[in-house]
Amino acid sequence: MNVEWLIHLANLLFLASYVVRDVLWLRVLTVLASLPLLTWFVLGGPSPQWTSIAWNVVFLGINVWRVGSLLAERRPIVLPPDEALLHDALVPSLLPRQVLALTAFARPVRREAGESLVRAGEPLG
């Protein structure tokens, strides 16, 4: 059976992955390119090319995992009320996900109006 067209399809998809700017699309196209390539490694010669199949399965797994990670990172988030207030009032230039990462290290402390937060000569913290 002539399956040489699978190599051309895979390489066209790899070529497309090289010209996209978005890393998510690069990964998706690479995953799609791996599928005809794997099929060619199985059907393209007198016997399956096991070493090539094994390496491509590893690369496919890594790329699928990274696609999932990138999709999870791009999921919209809703800030809790305190973090939303902080974001809107003090750091509107940060993304909501960055505000969550920043506030993960913080602890809330209530202060009275006019109370000093820092005094000269006293250690911070």
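Helices here are DSSP runs of H or I with at least four residues, and they are numbered from the N terminus. The model is a predicted one, in which local features need pLDDT of at least 70 and side-chain atom pairs count only at pLDDT 80 or more, while totals for chains, interfaces and linings use all residues. Residues are numbered from 1 along each chain as its sequence is written, and side-chain values use heavy atoms, with hydrogens and water left out.

Helix 4 covers residues 81-89, and His-87 is found in it. Is His-87 buried or exposed? Its relative accessibility is 13%, so His-87 counts as buried; buried means under 20% relative accessible area, exposed over 50%, and partly exposed in between, with a 1.4 Å probe and protein chains only. The side chain of His-87 is joined to that of Asp-88 by a polar contact of 3.2 Å. A polar contact is a pair of N or O atoms within 3.5 Å; within protein, one must be able to donate a hydrogen and the other to accept it, and residues adjacent in sequence count only if both atoms are side-chain atoms. When neighbours within four places in sequence are left aside, His-87 is in contact with Leu-79, Pro-92, Leu-94, Pro-96 and Val-99, where contact means heavy atoms within 4.5 Å.

The axes of helix 4 and helix 5 (residues 96-103) come within 10 Å and cross at roughly 115°. That angle makes helix 4 roughly perpendicular to helix 5. Axes are lines fitted to C-alpha atoms, for helices over the stretch in contact, and angles run from 0 to 180 degrees between N-to-C directions. Angles under 35 degrees count as roughly parallel, over 145 as roughly antiparallel, 65 to 115 as roughly perpendicular and the rest as oblique. Helix 4 passes helix 5 in a right-handed crossing; a crossing is right-handed if the near helix is turned clockwise from the far one by less than a right angle, and left-handed if anticlockwise. Glu-83, Leu-86 and His-87 of helix 4 make the contact with Pro-96, Val-99 and Thr-103 of helix 5. By class, the residues of this contact divide into 3 nonpolar, 2 polar and 1 charged. Ala, Val, Leu, Ile, Met, Phe, Trp, Tyr, Cys and Pro count as nonpolar, Asp, Glu, Lys and Arg as charged, and the others, Gly among them, as polar.

Helix 1 (residues 4-19) and helix 2 (residues 23-43) have axes that come within 8 Å and cross at roughly 165°. Helix 1 and helix 2 are therefore roughly antiparallel to each other, and their crossing is left-handed. On the helix 1 side, the residues that meet helix 2 include Leu-6, Leu-13 and Phe-14, and those they meet in helix 2 include Leu-29, Ala-33 and Trp-40. The residues of this contact divide into 14 nonpolar, 4 polar and 1 charged.

His-8 lies in helix 1 and counts as partly exposed at 47% relative accessibility. His-8 and Pro-36 are 28 residues apart in sequence, and their C-alpha atoms are 9.0 Å apart in space. Tyr-18, which lies in helix 1 as well, counts as exposed at 65% relative accessibility.

How does helix 2 pack with helix 3, and at what angle? The angle between helix 2 and helix 3 (residues 50-73) is about 155°, with their axes 9 Å apart. Helix 2 and helix 3 are therefore roughly antiparallel to each other, and the crossing is left-handed. The contact involves, among others, Leu-37, Leu-38 and Phe-41 of helix 2 and Asn-56, Leu-60 and Val-67 of helix 3. By class, it has 17 nonpolar, 5 polar and 2 charged residues.

Asn-56 lies in helix 3 and is buried, with a relative accessible area of 11%. Apart from its neighbours within four places in sequence, Asn-56 is in contact with Leu-37, Leu-38 and Phe-41. Gly-68 is also found in helix 3, but counts as partly exposed at 38% relative accessibility. The C-alpha atoms of Gly-68 and Leu-24 are separated by 9.3 Å, although these residues are 44 apart along the chain.

Note on methods: Helix = DSSP H or I, 4+ residues; strand = E, 2+ residues; numbered from the N terminus.
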